[in-house]
Amino acid sequence: MSNCDNNCGDCNLSAHKSTNEMYARTTKMGIPTIFDRWEDQQPQCGFGMQGVCCQLCSHGPCRITQKAERAICGATADTIVARNLVRLASHGAAAYSHHLEEIAKTLKATAQGKTPYKIGDVAKLRTIAGVVGLDNTKSAEELAIALADIILAEMRKGSDEPLALLNLFAPETRKQAWRKLGIIPGGLLSEIRDAMTKTMSNIDTDPVDLLLTAVRLSLATGYMGLVGTITLQDILLGTPELVKSQADLGIIDLETVNIVAHGHVPLVATAVLQAINDPEIQKLAKAAGAKGIKVYGSMCTGQELMQRSATSSQGFSGQLSNWLSQEYYVATGAVELVMMDMNCSIPGLKTVADQFHTKLISVDKVLRMEGVDHLDYEPEKVADQAKQLIKMAIELYKKRGTNIHIPPYKADVVAGFGVETIANALGGSLEPLLDAVKSGAIKGIAAVVGCTNNRNGHDHKALTIMREFIKNNVLVISAGCTSSAAQIEGLMDPTAAQLCGESLKAVCQSLGIPPILNFGSCVDIGRIGVAVTTIAGALGVDPSQLPVVASAPEYLEQKAIADGIFAVAFGLLTHIGPVPPVTGSAMVTKILTQDIEQLLGGRVLVEEDPVKATAIMVTHIDAKRKALGI
Amino acid sequence: MQHVIIGNSAAGVRAAETLRALDPEAKIIIIAEENHPAYSRCLLPDLLAGSRDELSLQIRSDDFYVKNNIQTLLGKKANSVDPVAHKVNLEGGSSVSYDKLLIATGAISFIPPMPGINNPNVFALRDLRDAKNILQAIEKARRIVIVGGGFVGLEAAYALYHRGLEVTIVEKMPHILPQQFDAQAAEILKRDMQAEGIRFILGRGIKEIAAPRLWGRLFGRPETGVILEDGERLKADVILISIGTRANIEVIKHTGILVNQGIPVNDFMETNLPDIYAAGDVAETKDAVTGKIGLTPIWPNASTQGRIAAYNMAGIKKAYTGLIGMQNAVEFREVPAIALGITQPVGDEYEILQDYRPDRNLYKKLVLRNNILVGMILVGRIEQAGIYGALIKKKQELKLSHQVLMRDDFSYGHLYPL
Amino acid sequence: MKQIMIDVNLCNGCLTCTLACSAAHSLSQEIVGAMSEKTPTRIKILPVKGRAVPLMCRHCEQPACVDACMTGAMQKDPCTGIVSNEGNDQTCVGCWMCIMACPYGAINQHPTEKVALKCDRCKDREIPSCVESCPNKALRFTEVNAFADERAINVAAALIAAD
């Protein structure tokens, strides 16, 4: 399991009761799952973990060892580590660009009347349209098409043509810092192309240039893949509103046809939620003996659906799990259909699904899995696709077996936070929040985001850090799998205010909000970016001066690498766990954890002990407060 | 210096070669009743199965005795010992003097007194002659009943099943391997053998061997068989009795040696008589787990005891440590199993950790007392046996959590100070 | 006598030694061939709390496995000191008594043949294959006292430096 040193017998694999219970079940049933495969892979190669293994050319795999200071081509550890990092960031950037493309195309098709969706936030559309230079008195449909075209063009333009979104939305002080380093990016796809070209063997072997490339790429990712995506999603599906929901496996209803939306892009699931109300569909469900049809979420798609479950995703039934526990919701035996999109559907899911009546299906043209069917999302066809998927699930419901186990745990959740909702909750502006920060009632803000990880604890680390922060009166905002973890443990319910330090407790209780605010999915790190930008603007300072930190305590995959570098580029102290594969290069490690602060205002903090890490970040927050004179 | 060793098996041979390594000059004489170079009786089932021939049962090379300058008196029975005159009296009248004497006479099969037991179709399995007799008897046999579901009985059962015989095992206790393994482990192993077609009758013993004359009179057929305690009859062409052994203490009767069930020895393998040592199945030593003095009739212990005895006979004081009485390793079809120490504890002071996965033929059981490991059963995966065994012998209070101890990948690495 | 000595702190779990061991005991005598022959490794890298601990037979001076062996196959060569159940007149039957006896768990069941499998210190090589292959010098084939003395000197040097 984790590499923790404690010898105590109390350690459970996961921080969540439901996951541990389900692991006992899969063990008994003889179904290997992720925790078992983790064990089988130990011990793992130290060269790989340090980032000093290069497999690019057929001379490899080269490792930098005591014996061999350089690879066969002459690459040093610094080159290999930096190059590997850029390649990982490129993956993340590419995946985000796929998500953005789907949204942009859908927005356009919706405006053309070809989809079952409606433009969800016309006001935002007009605002953004105005900012990008369109005549926002035109009709919403015209504006939506124009805006979508602009985004699609932005993605494709050359890397020497600076990104408009960055220009328009980034704080001036940030742009100055980036200009000085010559890393203002152009079109996202061009940046990805450049990065991939540079990281081919024997092209860019300068570790410093490679690191700058990674930062440049993260800026393009941040402003297109994050901010761009959430903005378009808000326009298309509606800006999130405060809403109550539920989380954990105990919400699975035995009497309904159960569909899970698993992934990142909420388009198909939104269409499915709409189609459920169709009288013909309802009749089919009843005929099969079910009381109805329910759609649950897993991971980011679940967060997207949850935060809009008062508007475009009404009827959403709640969040089941995050990345590590995906096999376990299938192992309940009570799930008919899993609709998978984009990333985070592990191949091991199929092994578990095969033990039950559960069917996996890809609803994304990039997602393919051996033995799994696909019904690739197309905006013009999604209304019918939704019906097809529901009918599939109804047929599967008839085949549901009797070997069912649903752990009886569920938690209440408040979701839908963002700049707009916070402002609305505070009476129309962020002033009360800023006052609370200035007065010290809220010491600072910590964005605890990202994945969940077997290597360092399946949510143990993330939850500990969140709890430590709120004990220290630091307000936490969360997005991604850490958000699901907090939801499952009841930390995103107003009752969690109990766990705070006194002043934060008072603030939360008076506002009736939880101390850990759900900003949504991985792309909603862009929403966090927008919030931080807004706060910095309101206070008239650069983001690096704010009493704000970022923490991705259990990062897993490549999108998270891009996110982490973006946070650093944004000027924030960025805590990352587990230790990323950079330690094989003293140079890269030093740059990321020390030197980069002078250049960008932010740096990477690596500290595996969650309590120590939080203490360091709180000290950092205190220092920022002092420097601001608050 | 003249060392005399009565016995030419595990303890005797190990003692002899150790003596030679320690003292290139001393005279070493092995006296043994069997007229064979030393062989492994543990391999006799392989002889029965036909997978080994007689020569391949030898535990040392052909030139072992010559190379080590060990004089052998094979095929000679030692009748008695004169501890005062320091002489061993052989059958036929001659005698051999000793400066140091090692009694390594092993054990003999226990044949219970019961009606019909002298039937010529009834066999034990202890030595080569037994095995050869059985081989001869089964040439025309079809059915064999094996009385005793312990280690020897099961090994023999499997061997004879491989020869094509119909095998029935009758065990008095509720489960097979009742001494070392518990019901759960026994269940996995029994199921494995049962799947092959070996029949088990558990919880019942036998009370009589049915003689051919009796059957012949009743049914006109010259068949042998056994009659169970409850009266049920089983037909059998050949019957193997494998319900245990008795220490072979015949030779030291009337010597004044302290005798229990075997010959108790002190930490240095010494009996209560000067210059006389005992090792192997005939000796009683202190069990590292229970602290009790008793027989530990198992090959590894016999071998170790022989080696330790040699040191002391050679004048180097060396105590034995860490001998565990209850231990065994088995594998019949594909499921290996190892048991060590106290595996079926009785009483409140024990803590039992179990991981029982019978559908995958896996079982791990650890028995602790005062947070010290005292017993272990492994079925299916046995690589950790030695590590748990070392913990049992060390008798240290465990610093590891029970969770770590029970891990599938628990290894020496967890004990190594990282 | 030379022994394979392990410096646990230098091992980073790259598993190269396991590949080299397989290769050395295979027919093809090289890594890729050994993988298709499925030659098992005799050295183990044990995962413990995120660290990698190499382990192979210690070729003990008083081997418990030799005592335990009931066929006489397991022997300690008086010249080389190597403990092995291979290459002797007596053959291993896979009774697993040695596995029961070894306190290191250094002996395993062979994955396909019914025999016990353990390190043979590469009888036919000048330097054991695992030692040769380790990129971190975590495995050394050295006189035991030399290893101990070197470590003592290193500790002493560190103590002086700390002053």
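Okay, some housekeeping. Residues are numbered from 1 along each chain as its sequence is written, and chains are lettered from A, with ligands numbered from 1, in the order in which they are written. Since the model is predicted, local features need pLDDT of at least 70, side-chain atom pairs count only at pLDDT 80 or more, and totals for chains, interfaces and linings use all residues.

Let's start with chain A. Its domains are domain 1 (17-63), domain 2 (77-237), domain 3 (249-398) and domain 4 (411-628); such bounds come from an automatic or database domain assignment. Between the centres of domain 1 and domain 3 of chain A, taken over C-alpha atoms, there are 28 Å. In that pair, 11 residues of domain 1 of chain A are in contact with 11 residues of domain 3 of chain A, contact being C-beta atoms, placed from the backbone, within 7 Å. Which helix gives the largest share of the domain 1 side? That's α1(A), with 6 residues.

Helices here are DSSP runs of H or I, at least four residues, and strands are runs of E, at least two, numbered from the N terminus.

Now find α24 of chain A, residues 586-600. Its 15 residues reach 20 Å from first C-alpha to last, close to the 21 Å expected at 1.5 Å a residue, where the expected span is 1.5 Å times one less than the number of residues. Still, α24(A) has a kink of about 50°, centred on A:L592; the bend is the angle between axes fitted to the seven residues ending there and the seven starting there. A:L592 is also one of the buried residues of α24(A), along with A:V588, A:T589, A:I591, A:I596 and A:L600. Buried means 20 or more other C-beta atoms within 10 Å of the residue's own, with C-beta atoms placed from the backbone. Their cover includes α4, α10 and β16 of chain A. After the helix comes A:G601, with a positive phi near 85°.

Over to chain B. Five strands make an open parallel sheet, in the order β3-β2-β1-β7-β19; strands pair if DSSP finds at least two bridges between them. β3 and β19 of chain B are at the edges with a single partner strand each, so one side of each has no neighbour in the sheet. Further in, 4 bridges join β1(B) to β7(B), and B:I6 sits opposite B:I103.

Key
A residue is buried if 20 or more other C-beta atoms lie within 10 Å of its own, exposed if 12 or fewer, and partly exposed in between; C-beta atoms are placed from the backbone. Two residues are in contact if their C-beta atoms, placed from the backbone, lie within 7 Å.
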